[in-house]
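Come along and look things up with me.

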Amino acid sequence: MKRTVFLLLLSSALLLACSAKPVRYSLRVKAEYPHDSKAYTQGLFWHDGTLYESTGLNGHSSIRTVDLNSGKPVKTVSFSRKYFAEGSTAIGDRLYILTWQEHVAFIYDVNTLKYIQTYSYPREGWGLTTDGKSLIASDGSSRIYFLSTGFKLERTIDVKADGRPISRLNELEYIDGKIWANIYTTNTIAIINPKDGTVEAFVDCTGLLPDRLRTPDTDVLNGIAHNPADGRIYLTGKNWKRLYEVELVK
């Protein structure tokens, strides 16, 4: 009898956990910095005190280190016109970059930006981040892929909120044990449990870039960077004139 009651209570607890509504956050801007308005931001991350950004579009794709205070590139490597660069991240002394539809991933030296190696990549490349061990990639669907540093598939998770798939997952960032994902063409970021794909929170970024700073070239929110040295979080977008340090507000 006790075992039956325990199992019923456990089932109820699991059901409540699975049906929990995602927390809703807004943003508070703590600081703002210049951002290259010609940078079609695809990947954004900090590594050992340096801010890195990968930019897309054929003929404009690059990987660069960026001076936070000026928004200007410090070191830049440009890609051939045939490549549309996407998400990027670093593990150890290696920098990894996906391409959109070319089925190619590149590895560079994170300190010098010197080319090291090319890998065949079996799906579209969108966002890329890391938990320090695996590469974590999106492909525009509701699925997230965990990969070895040699791009071997380790496992996948399907991202859901309230039981429904959340697709168009784009730029990714791993922050305090959770995956943050821009939802492409929206002003929303999903905060995802990396174990089972559950969306634990949504972040509403509406109005982050004011209308006065928008031009016909200004595109969508995209770009999340967490500096592990101080815990600060930065957001920007494609061809935005600003990069923002932000904090969450309930």
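Predicted model: local features only at pLDDT ≥ 70, side-chain atom pairs only at ≥ 80, totals over all residues.

**Entry 1: confidence.** The protein chain has a mean of 93, and 92% of its residues reach 70 or more. Residues 4–17 have a pLDDT below 50, and this stretch makes zero contacts in the model beyond near neighbours in sequence. I left that stretch alone.

**Entry 2: around S21.** I stayed with S21 and looked at both of its partners. S20 and S21 run antiparallel and are joined by five bridges. One pair I looked up here is asparagine 227 with its bridge partner in S21, arginine 232. These two strands also form a hairpin with four residues between them, and glycine 231 in the turn has a positive phi of about 80°. On to S22: the pairing of S21 and S22 is antiparallel too, over three bridges. Isoleucine 233 stands opposite valine 246 in S22. How many of the six residues of S21 are buried? I found five, so the strand is mostly covered.

**Entry 3: the cores.** Next I asked which residues touch the most other members of the largest nonpolar core. Out of 17 residues, they are Trp180, Ile189, Leu208, Leu235 and Tyr244. Strands S18 (188–192), S19 (199–204), S20 (221–227), S21 (232–237) and S22 (242–249) each give two or more residues to this core. A second, separate core has 16 residues, including Val159, Ile166, Leu172 and Ile179. Then I went back to isoleucine 189 and listed its contacts, not counting residues up to four places away in sequence. Among them are Trp180, Phe202, Val203, Leu221, Ile224 and Leu235. Asn182 and Cys205 are on the list as well.

**Entry 4: a four-stranded sheet.** I moved to another part of the chain. An open sheet of four strands runs in the order S10-S11-S12-S13, with antiparallel pairing. Its edge strands are S10 (128–130) and S13 (153–158), each pairing on one side only. On average, neighbouring strands here are turned by 25° against each other, direction ignored. I zoomed in on S10 and S11 (residues 135–138), and found three bridges joining them. Threonine 130 has leucine 135 as its bridge partner in S11.

Entry 5: Buried or exposed, I wondered, is leucine 113? Its relative accessibility is 5%, under the 20% cut-off, so leucine 113 counts as buried. Aspartate 48 counts as exposed because its relative accessibility is 70%, over the 50% limit.

At 59% relative accessibility, glycine 163 counts as exposed. I also took a distance: the C-alpha atoms of glycine 163 and glutamate 173 are separated by 23 Å, with the two residues ten apart along the chain.

Notes:
Residues numbered from 1 in each chain as written. Heavy atoms only, no water. Core = buried A, V, L, I, M, F, W, Y, C linked by side-chain atoms within 4.5 Å. Buried < 20%, exposed > 50% of the residue type's maximum accessible area, 1.4 Å probe, protein only. Contact = heavy atoms within 4.5 Å. Pairing = 2+ DSSP bridges. Axes fitted to C-alpha atoms, helices over the stretch in contact; angles between N-to-C directions. pLDDT = per-residue confidence, 0-100.
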